[in-house]
Amino acid sequence: MSHHTTIRIEKVTLHSREKSSPKTILDDISFTSPAGKITALLGPSGAGKSSLLRLMCRLDDPDEGRIFLDEKDISDIPVLELRLRVGMVFQIPVMFPGTVRHNLEIAQKLCRTRECMSTEGLLDLVDLSDDYLERQAENLSVGEKQRVQLARVLVSRPEVLLLDEPTSGLDVMSAERIVNLIKRINKETGTSVVLVTHLLEQASALADYVALVSEGRLVREAEMKGFLKWAKMGKFKLAALMSEARNERN
Amino acid sequence: MNVIEISLINLSLSLILVVASLVITFGMRLGLWKEILLGTVRTALQLFLAGLVLHYLFRWNLWYVTILLLLVMTAVASFESMRRQRRRNLKVFFIAFAAVICGTAFSLTVVTAIVIQVKPWYDPQYMIPIAGMIIGNSMSAASLVLNRLWGELSLRKGEVESYLALGAAPFEASRHATKEAIKAAMTPTINSMMIVGIVQFPGMMTGQIIAGQDPASAVRYQIMVMYMILAAATITATLTAVLGYRLFFTKAWQLKREMFS
Ligand SMILES: Nc1ncnc2c1ncn2[C@@H]1O[C@H](COP(=O)(O)OP(=O)(O)OP(=O)(O)O)[C@@H](O)[C@H]1O
Ligand SMILES: [Mg+2]
């Protein structure tokens, strides 16, 4: 694929629908994820990262603001086209009942008439052997599910990948392989990636671009190099922010 | 026929049964006494009224009055299905109404026109009580489906949204939920088919037998009734599910957030 896609978030606000405690989940957020690049979405737990990803594939609509895919408002793109162009890897992987092969076949079927990846070699891509094809997907470990989920999303050859902490269930080695895979997909196909992560190290190893959010607001958006410099200057605050994020997870 | 008439005085003695129930619920502090009292009064009022209506209906014996009453019964049943939901709106009412009407029309036509061959076709003496049984069961089926649909979709929110994110349309993403909902709505009917005549003697058969009819003939009616309820429940449940899953999704193939928080 030669086509590179830019995602632009413009003044997006999202409120929770809970009547008992109305809450602003995202507050006037704007940033751009450049075409063909990997953008890290950093921020502590509860910052609104997952909520933002959901908006990008239109699983929710923002209360205010707009989101653009290549200068086109995503609410003007037919939903099916959008969902196939934008692949979403959820923070908590959910398998469909049945085998891993069945899971991949569902994704193929949902591509309808579009060209999609065949199951051959797909698992290899996410560092799983082909023996996994006949395993019951719901019995896999979280880390294995995460990789099957990624494979399932890759089936439609999305031009944008939204990854919500794709390595959180993995050991260091497997995480590294996934990181390399993401890098490779990005380099080889020019797929734009938005990667949610708590790990500054992972972000700096992988991402070209960073958006830091906290409490639903954008704190900073920058090139990785500039961001690291800035982070060093205000090191104390950022470290506190990120370790707070990590503590809450543990 | 030699049915023993219940005089009004004797009928009032049946309140002993209500008092027994009240005493127990008071003792257990279940806080149900208001509902029991209301239910007792409503039962008496509604049934006396129904008796009165049927009395005139049979006397007039007019096809349009019969049809009108059937429509009113269906509307009330649909309203009741809607009332039993967490989210109530007019759409729920119309879905239930359409589903109950279809299930009822089919079963009622087969039973009265083909099996019993009622003459004239609208004879209220047959139409009304038989339709009453069908509509009552269809109503339960419709509310069970809507409840279960919501339950399945919120329980399997992750699965449903994984489907949607991969490009599935709502009907594909909710296929599992609609199937489960239809099954859940049909289960009571199927279960009752398994035990009828062994543990359970349905009201209609009991009534006919007390009224002095030959049990062998009453049984034939009951067999037909069971099959007719099965068909009505199946049709109503399926239609409710097929029309109802849309309630939980937006036009943009999203789960409606306000339904699930
Ligand atoms: N459906 C919802 N209803 C109500 N509040 C919600 C809903 N979804 C998210 N929130 C709230 O919005 C805030 C942001 O949630 P979100 O899941 O986007 O955070 P996050 O940055 O992904 O956190 P984490 O790193 O822990 O995954 C949280 O306070 C959360 O409680
Ligand atoms: Mg999250």
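This is a predicted model: local features need pLDDT of at least 70, side-chain atom pairs count only at pLDDT 80 or more; totals for chains, interfaces and linings use all residues.
A salt bridge is a side-chain nitrogen of Lys or Arg within 4 Å of a carboxyl oxygen of Asp or Glu.

**First stop: the interface**

Select A:D60 and B:R257. These two residues form a salt bridge, with their closest N and O atoms 3.7 Å apart. The rule finds three salt bridges across the interface of chain B and chain A. On the chain B side, the largest share of what touches chain A comes from helix α7 (residues 157-165), with seven residues.

Now widen the selection to the whole contact, to which chain A brings 28 residues and chain B brings 19 residues. The size of an interface is often given as the accessible area lost when the parts come together. Between chain B and chain A the buried area is about 2,100 Å², and carbon and sulfur atoms give 57% of that area. Nine residue pairs, both members at pLDDT 80 or more, are in polar contact across the interface.

**Second stop: B:E161**

Remain on helix α7 of chain B and select B:E161, which lies in that helix. B:E161 has a relative accessible area of 6% and is therefore buried, as buried means under 20%. Apart from neighbours within four places in sequence, B:E161 is in contact with A:R54, A:L59, A:F90 and B:L255. Next, display B:W253: its C-alpha lies 9.5 Å from that of B:E161, although the two residues are 92 apart in sequence.

Select A:T39, placed in strand β3 (residues 38-42) of chain A. The relative accessibility of A:T39 is 0%, so A:T39 counts as buried. Its side chain makes a polar contact with the side chain of A:S33 at 2.8 Å. Beyond four places in sequence, the residues that A:T39 touches include A:P34, A:V193, A:L195 and A:Y209.

Move to A:D27 and A:R217, whose side chains meet in a salt bridge (3.1 Å, N to O). A:D27 belongs to strand β2 (residues 24-33) and A:R217 to strand β10 (residues 217-223), so the pair ties together parts of chain A that are 190 residues apart in sequence. A:D27 is partly exposed at 28% relative accessibility, and A:R217 is partly exposed at 45%.

Then select A:E81 and A:R85, whose side chains form a salt bridge (2.8 Å, N to O). Both residues lie in helix α2 (residues 79-85) of chain A, four residues apart, or about one turn of the helix. A:E81 is partly exposed, with a relative accessible area of 27%, whereas A:R85 is buried at 15%.

Select B:E80 and B:R84, a salt bridge with the closest N and O atoms 3.5 Å apart. Elsewhere, salt bridges with shared partners join B:R148, B:E152, B:R156, B:E159, B:E180 and B:K183 into one network. Over all chains, a search of the whole structure finds 23 salt bridges.

**Last stop: a nonpolar patch on chain B**

Finish with a nonpolar surface patch of about 1,100 Å², whose members include B:L49, B:V53, B:W60, B:W63 and B:W121. Helices α3 (33-60) and α4 (63-83) of chain B each supply at least two residues of the patch, and α3 gives the most, with five residues. Select B:V53, which lies in helix α3; B:V53 is partly exposed, with a relative accessible area of 36%.

Key:
Residues are numbered from 1 along each chain as its sequence is written. Chains are lettered from A and ligands numbered from 1 in the order in which they are written. Side-chain values use heavy atoms; hydrogens and water are left out. Patches are made of residues with over 30% relative accessible area and no salt bridge: like charges are joined within 9 Å, nonpolar side chains (Val, Leu, Ile, Met, Phe, Trp, Tyr) within 5 Å. Accessible areas come from the Shrake-Rupley method with a 1.4 Å probe; for residues, only the protein chains shown count as cover. Buried means under 20% relative accessible area, exposed over 50%, partly exposed in between (1.4 Å probe, protein chains only). Contact means heavy atoms within 4.5 Å. Buried area is the accessible area (1.4 Å probe) that two parts lose on being put together, summed over both. A polar contact is a pair of N or O atoms within 3.5 Å; within protein, one must be able to donate a hydrogen and the other to accept it, and residues adjacent in sequence count only if both atoms are side-chain atoms.
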